[in-house]
Amino acid sequence: MARLNSFSVVVVAAMLLAFVVAAEQDFDALRTCSTKLGPDCGEEIFMNIFGHSSKPVSDNCCHSLARIGLTCHNMLFDNIVNTQPGYKSNVTITRPRSVQIWNKCSLVAGPVPPTA
């Protein structure tokens, strides 16, 4: 019976370690995405999705958004919705805005070569 308990402890420890590593990788990916987007474009896009900005996302920020890619855009959106109090309750409004901005920006930017 002691072996079973020891094995259980090892399995739980391995699962926790995997969770911590995955969380750290997610944080690193989020940091990379937000750094590549830049603070000015990040704020402009944020205000268009979550705020009440009457100013559309600029072509310059659309190009920046297209360069970081849809995966980064979605990760940043999901992170805000899932970690910031008050944003999850409006997801039925903000997710369509996010998709609309992505679609507009991908048209403005045109094809973006994949990054290495």
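Visitor: Contacts with a separation of 6 or more: what share comes from residues 24 or more positions apart?
Guide: Such residues account for 66% of those contacts in the chain. Contact means heavy atoms within 4.5 Å. This is a predicted model: local features need pLDDT of at least 70, side-chain atom pairs count only at pLDDT 80 or more, and totals for chains, interfaces and linings use all residues. Residues are numbered from 1 along each chain as its sequence is written, and side-chain values use heavy atoms, with hydrogens and water left out.

Visitor: How many helices and strands in the chain?
Guide: Four helices, zero strands. Along the sequence that reads α-α-α-α. Helices (H or I, at least four residues) and strands (E, at least two) are DSSP runs, numbered from the N terminus.

Visitor: How far apart are the end C-alpha atoms of H3?
Guide: Only 29 Å, for 25 residues (59–83). A straight helix would reach 36 Å at 1.5 Å a residue. That expected span is 1.5 Å times one less than the number of residues.

Visitor: Where is the kink in H3 centred?
Guide: On Gly 69, with a kink of about 100°. The bend at a residue is the angle between axes fitted to the seven residues ending there and the seven starting there.

Visitor: Is Gly 69 buried or exposed?
Guide: Gly 69 is buried, and the buried residues of H3 also include Ile 68, Cys 72 and His 73. Buried means under 20% relative accessible area, exposed over 50%, partly exposed in between (1.4 Å probe, protein chains only).

Visitor: Why does Ser 64 count as buried?
Guide: Because its relative accessible area is 8%. Ser 64 lies in H3. Leaving out residues up to four places away in sequence, Ser 64 touches Leu 37 and Cys 41.

Visitor: And Ser 53, where is that?
Guide: In the loop between H2 and H3. Ser 53 is partly exposed, at 32% relative accessible area.

Visitor: New topic: which residues in the largest nonpolar core touch the most other members?
Guide: Leu 37, Ile 45, Val 57, Leu 65 and Ile 101, out of 19 residues. H1 (2–37), H2 (39–50), H3 and H4 (91–109) each supply at least two residues. H3 gives the most, with eight. A nonpolar core is a set of buried Ala, Val, Leu, Ile, Met, Phe, Trp, Tyr and Cys residues joined through side-chain atoms within 4.5 Å.

Visitor: What does Val 57 touch?
Guide: Not counting residues up to four places away in sequence, its contacts include Ile 45, Cys 62, Ile 101 and Cys 105. Glu 44, Asn 48 and Lys 104 are also among them.
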